Amino acid sequence: SIPTSFGAAMAEPTGEKGSIFDHKEAETLALEAPKDTIVEDSSDVHTVVVDGNPVKMDRLGPLVINTDGSIARINNWHEMTELEQQNTLRVLGKRNKQRLAKLREAEAS
């Protein structure tokens, strides 16, 4: 047996053209975020030059491209010295470039 609440929703058409399945939902409108939660401070973003290429980074550090194409971050980036960060960026940039090329090649074949 059909539950009454479901049965009520499945009422017979009223003789108008179309069926109960032709019902169109009203457009859902999104609300704007409160002004105090929007962060427009660009001071957290800075540009670092790696092998002559400018790279924009936020305070979380660079992205790591894994061999399966997933993306990760370096957990201790904010604890590294500036020299460690520069060396990591140099190695990571080359490795990410190689991994992306290999992933694109695999996707093309």
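Me: Which residues make up the largest nonpolar core here?
Reply: In this predicted model, the largest nonpolar core consists of eight residues: Val48, Met57, Val64, Ile74, Trp77, Met80, Leu89 and Leu92.

Me: Where is Ile74 placed?
Reply: Ile74 is in the loop between β4 (71-73) and α2.

Me: And is Ile74 buried or exposed?
Reply: Ile74 is buried, because its relative accessible area is 17% and buried means under 20%.

Me: What is Ile74 in contact with, leaving aside its neighbours within four places in sequence?
Reply: With those neighbours set aside, Ile74 is in contact with Leu60, Pro62, Val64, Met80, Thr88 and Leu92. As for Thr88, its C-alpha atom is separated from that of Ile74 by 9.6 Å, and the two residues are 14 residues apart along the chain.

Me: Which residues are buried in α2?
Reply: Gln85, Leu89, Leu92 and Asn96 are buried in α2. An α-helix has 3.6 residues a turn, so residues three or four places apart point the same way.

Me: How far apart are the end C-alpha atoms of α2?
Reply: They are 38 Å apart. Helix α2 has 27 residues (82-108) and should span 39 Å at 1.5 Å a residue, so the two values agree.

Me: Changing topic, how many helices and strands does the protein have?
Reply: The protein has two helices and four strands. From the N terminus on, the elements run α-β-β-β-β-α.

Me: What share of the residues is buried?
Reply: Buried residues account for 13% of the 109 residues in the protein.

Conventions. Residues numbered from 1 in each chain as written. Predicted model: local features only at pLDDT ≥ 70, side-chain atom pairs only at ≥ 80, totals over all residues. Heavy atoms only, no water. Expected span 1.5 Å × (residues − 1). Buried < 20%, exposed > 50% of the residue type's maximum accessible area, 1.4 Å probe, protein only. Contact = heavy atoms within 4.5 Å. Core = buried A, V, L, I, M, F, W, Y, C linked by side-chain atoms within 4.5 Å.
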